[in-house]
Amino acid sequence: MWKLKLSEGNDPWLKSVNNHVGRQFWEFDPHLGTPEERAQVENYRNEFTKSRFLTKHSSDLLMRFQFARENPCEMKLPMAKVRSEEEITKEVVDTTLRRSLRFYSTLQAEDGFWPGDYGGPMFLLPGLVICLYVTGALNAILHHQHRQEMCRYLYNHQNVDGGWGLHIEGSSTMFCTVLSYVTLRLLGEEMDGGDGCMEKARKWVLDHGGATHIPSWGKMWLSVLGVYEWSGNNPLLPELWLLPYLFPAHPGRLWCQCRMVYLPMSYLYGKKFVCSTTSLVLSIRREIYTIPYHQIDWDQTRNLCAKEDLYYPHPLLQDIVWACIHKAVEPLLTRWPFSKLRQRALDSVMQRVHYEDETTQYVCLGPVNKVLNMLCCWVEDPNSEAYKCHLARIKDYLWVAEDGMKMQGYNGSQFWDVSFAVQAILATNFADEFAPMLKKAHNFMKNTQIRTNSSDDFNDWNRHISKGAWPFSTPDNGWPVSDCTAEGLKARILLSRLPSDMVGEAIPADWFYDAVNVILSLQNKNGGFASYELTRSYAWLEMLNPAETFGNIMIDYQYVECTSAVIQGLKCFKKSYPGHRKKEIEACMVKAIDFIERTQQPDGSWYGSWGVCFTYGTWFGIKGLVAGGRTYQNSNSIQIACEFLLSKQLVSGGWGESYLSSQDKVYTNLGGGKSHLVNTGWAMLALIEAGQAERDPSPLHRAAKLLINSAMETGEFPQQEIMGAFNKNCMISYSAYRNIFPIWALGEYRNRVLLQ
């Protein structure tokens with residue numbers, strides 16, 4: 001059986017800045033479990049497979065099964081339900097909250113975080129498998145059980161038409177269908193394997209034009225594997241890193257998630273690296289194209305992209321730029337004396353790759369650049385310590401659930417989840433009853449704050465200050481995030497107001513000051529806050545976005561979520577430390593409030609860039625304005641935001657927003673008028689913050705009734721559709737949200753609606 005291990009690190013190639021606190025990974029133990037327990041796990045898997053076309057999201061049943069054995073939950077409180085004609089009582093809400101919190105406490109690790117699935121995107125796992133195949137480490141790193149679970153995952157998330165979507169709920173794309181098919185072949189599946197699934201996948205690819213129509217990221221991976229030619233790629237010049245930083249298109253000015261992916265890609269392109277040709281590689285060449293491989297005109301394939309994948313079509317200007325570089329510049333750079341410039345550029349790129357690896361303990365910023373960096377280290381030196389350190393960190397990205405083994409979109413969402421969970425627990429006013437949860441969470445937050453900058457010369461590596469910030473996951477990742485820092489600041493300040501014997505000792509004031517320093521340094525001239533860094537260049541750079549599949553990736557744009565979180569965090573800080581940088585904080589908040597008001601949509605909503613979607617953004621919009629001193633009475637923005645939310649409430653009393661809202665930028669309900677408990681929680685929290693209870697509490701009563709009646713027998717809330725988003729077009733799983741936001745919303749409802 002598989003076993004989840006937490007905050008451990010016994011590999012000699014592992015490095016950590018906090019003794020691995022927050023680390024989560026799975027290992028297979030052939031001796032673990034009784035026959036009955038193994039049968040139960042197999043039943044979870046079979047049930048998911050049976051309903052996979054209706055229920056796309058796993059429920060982390062393997063983790064819950066393990067925790068139920070290790071930390072059983074004795075639920076003595078009876079379930080509470082409210083009939084349609086009944087009014088909600090305080091007793092019913094209290095019972096629901098206590099049951100939910102009691103169960104949620106059993107999912108908390110001893111180190112204070114809540115482990116969970118952060119999967120969803122379907123293009124992550126193929127990169128890892130291709131990399132390990134290319135480096136010859138596939139079977140050594142991914143044992144039989146790994147490969148079995150990866151195949152299970154891919155088959156479980158294959159669509160009815162035979163293809164795979166960009167994410168687990170998405171319609172089929174060439175990008176993920178080709179990569180998933182190739183991955184299954186590398187994992188040992190035969191051409192006609194999977195009870196016809198492989199044949200269906202191959203048919204989908206060929207019916208849609210073949211693998212020449214895969215988007216640019218796919219072209220790069222296939223080129224590395226040797227089943228696509230580098231001449232069919234648009235240029236990824238490593239020489240761009242040698243340009244002066246003043247140049248607006250210098251890669252160091254790009255959004256970090258973009259530049260850290262194209263950095264190692266440019267190394268592989270610059271070397272035109274291709275793995276050794278094997279019989280399997282030759283076979284795949286024959287399987288995924290509509291004409292023989294040697295007859296393909298690769299120059300004509302550079303800009304091909306299947307219509308199913310084309311979220312961001314290349315502007316004509318971009319195609320002209322790539323064509324000129326491809327035909328005139330690239331040939332020169334491969335010939336003497338310009339080849340010396342190419343080698344200098346490659347050396348510079350690898351220095352940056354090593355800097356990223358070493359300052360993130362080989363976790364790296366995210367899964368795409370982690371795998372690419374690992375491959376670059378192997379290409380540079382197959383026996384290098386860097387490559388061995390990379391191998392030791394692979395398991396940090398792998399997660400096992402009843403749907404199989406997936407690759408996560410980060411090494412977890414540990415800190416982000418904890419910062420919200422703390423606020424949710426405090427909102428219930430049951431802090432004294434659940435003090436052990438808060439104390440453990442508080443210790444985790446102490447152990448997760450970043451205590452140093454990435455290096456003394458971080459500016460030379462295009463990094464921002466990080467001392468005092470909080471990361472999204474763990475400090476080993478080490479990248480500071482604006483809203484994580486703001487939410488962490490808020491949660492830590494709230495905890496510091498409770499007795500130390502209940503939640504533990506507060507951190508020194510200097511640590512709070514460091515967090516505020518990071519936050520203030522991240523405000524842009526327009527008042528808004530981006531995700532990781534300042535916005536370093538101009539929106540027109542998006543015309544050069546080479547990734548047909550994603551939108552808004554070139555620069556770090558400002559977001560309502562990040563800006564709102566900052567206002568809330570600084571307000572909380574100012575109350576506890578009124579004299580520290582008072583004028584700067586007040587000026588920052590004024591500009592941030594103005595940004596939120598200016599970015600509101602005409603219908604009263606805000607577009608949420610990191611969650612689905614308008615309910616998420618509008619929750620943050622309202623929370624930020626209220627924290628900044630606006631009220632329903634004096635703010636037209638809050639008034640029309642409330643009207644927007646109320647107009648989207650469903651007959652059931654809840655809200656239910658589809659991921660299509662993020663993709664299409666138009667509010668879209670889930671199919672069949674279905675409610676989603678997380679959307680409902682966001683909407684409730686926003687309306688309560690805006691004083692809806694004083695005007696007409698009936699929408700809140702209806703929503704609360706839905707949440708109460710949706711609680712499961714165990715006390716927790718069910719997993720529903722995917723709720724995380726990024727780059728407009730891709731979705732990701734925030735598995736902790738299913739419990740955090742119903743608890744938070746019911747807690748606020750109890751204390752600000754029922755008891756007022």
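Val678 is buried, at 4% relative accessibility, where buried means under 20% relative accessible area, exposed over 50% and partly exposed in between, with a 1.4 Å probe and protein chains only. The model is a predicted one, in which local features need pLDDT of at least 70, side-chain atom pairs count only at pLDDT 80 or more, and totals for chains, interfaces and linings use all residues. Residues are numbered from 1 along each chain as its sequence is written, and side-chain values use heavy atoms, with hydrogens and water left out.

**Around helix H26**

Val678 is found in helix H26; helices are DSSP runs of H or I with at least four residues, numbered from the N terminus. Leaving aside neighbours within four places in sequence, Val678 is in contact with Met723, Tyr737, Arg738 and Phe741, contact meaning heavy atoms within 4.5 Å. The C-alpha atoms of Val678 and Tyr616 are separated by 9.2 Å, and the two residues are 62 residues apart along the chain.

His676 sits in the loop between helix H25 (660-664) and H26. His676 is buried, with a relative accessible area of 2%. Not counting residues up to four places away in sequence, His676 touches Trp655, Gly656, Leu670, Gln720, Glu721 and Met723.

**Helix H28**

Helix H28 (residues 698-710) has 13 residues and reaches 19 Å from its first C-alpha to its last, close to the 18 Å expected at 1.5 Å a residue. That expected span is 1.5 Å times one less than the number of residues. The buried residues of H28 are Pro699, Leu700, Ala703, Ala704, Lys705, Leu706, Leu707, Ile708 and Ser710. They pack against helix H3 (90-106), helix H24 (636-647), helix H26 (677-689), helix H27 (692-695) and helix H29 (737-754).

**Helix pairs**

Axes are lines fitted to C-alpha atoms, for helices over the stretch in contact, and angles run from 0 to 180 degrees between N-to-C directions.

| Pair | Axes come within | Crossing angle |
|---|---|---|
| H4 (residues 124-135) and H9 (residues 216-225) | 10 Å | roughly 20° |
| H10 (residues 256-271) and H14 (residues 367-380) | 8 Å | roughly 30° |
| H23 (residues 614-627) and H26 | 9 Å | roughly 25° |

H23 and H26 are roughly parallel to each other, a term for angles under 35 degrees, while over 145 counts as roughly antiparallel, 65 to 115 as roughly perpendicular and the rest as oblique. H23 passes H26 in a left-handed crossing; a crossing is left-handed if the near helix is turned anticlockwise from the far one by less than a right angle, and right-handed if clockwise. The contact is made by Thr615, Tyr616, Thr618, Trp619, Ile622, Lys623 and Val626 of H23 and by Asn679, Trp682, Leu685, Ala686 and Glu689 of H26. By class, this contact of H23 with H26 has seven nonpolar, three polar and two charged residues. Here Ala, Val, Leu, Ile, Met, Phe, Trp, Tyr, Cys and Pro count as nonpolar, Asp, Glu, Lys and Arg as charged, and the others, Gly among them, as polar.

H4 and H9 are also roughly parallel to each other, and their crossing is left-handed. Gly127, Ile130, Cys131, Tyr133 and Val134 of H4 make the contact with Trp221, Val224 and Leu225 of H9. The contact of H4 with H9 has seven nonpolar, one polar and no charged residues.

The crossing of H10 and H14 is left-handed. Met260, Val261, Pro264, Met265, Tyr267, Leu268 and Lys271 in H10 meet Val368, Asn369, Leu372, Asn373, Leu375, Cys376, Val379 and Glu380 in H14. The contact of H10 with H14 has eleven nonpolar, two polar and two charged residues.

**Loops and backbone**

Asp60 lies in the loop between helix H1 (35-50) and helix H2 (61-70). Its phi is near 55°, a positive value in a residue other than glycine, and Asp60 is buried, with a relative accessible area of 3%. Asn552, in the loop between helix H20 (509-521) and helix H21 (560-576), has phi near 55°, also positive in a residue other than glycine. Asn552 counts as partly exposed, at 28% relative accessibility.

The peptide bond from Trp336 to Pro337 is cis, with omega near 10°. Pro337 lies in the loop between helix H12 (316-333) and helix H13 (338-359).

Thr474, in the loop between helix H17 (435-448) and helix H18 (482-496), is buried, with a relative accessible area of 4%. Leaving aside neighbours within four places in sequence, Thr474 is in contact with Val21, Gly22, Asn411, Gln414 and Thr448.

Note on methods. Helices (H or I, at least four residues) and strands (E, at least two) are DSSP runs, numbered from the N terminus.
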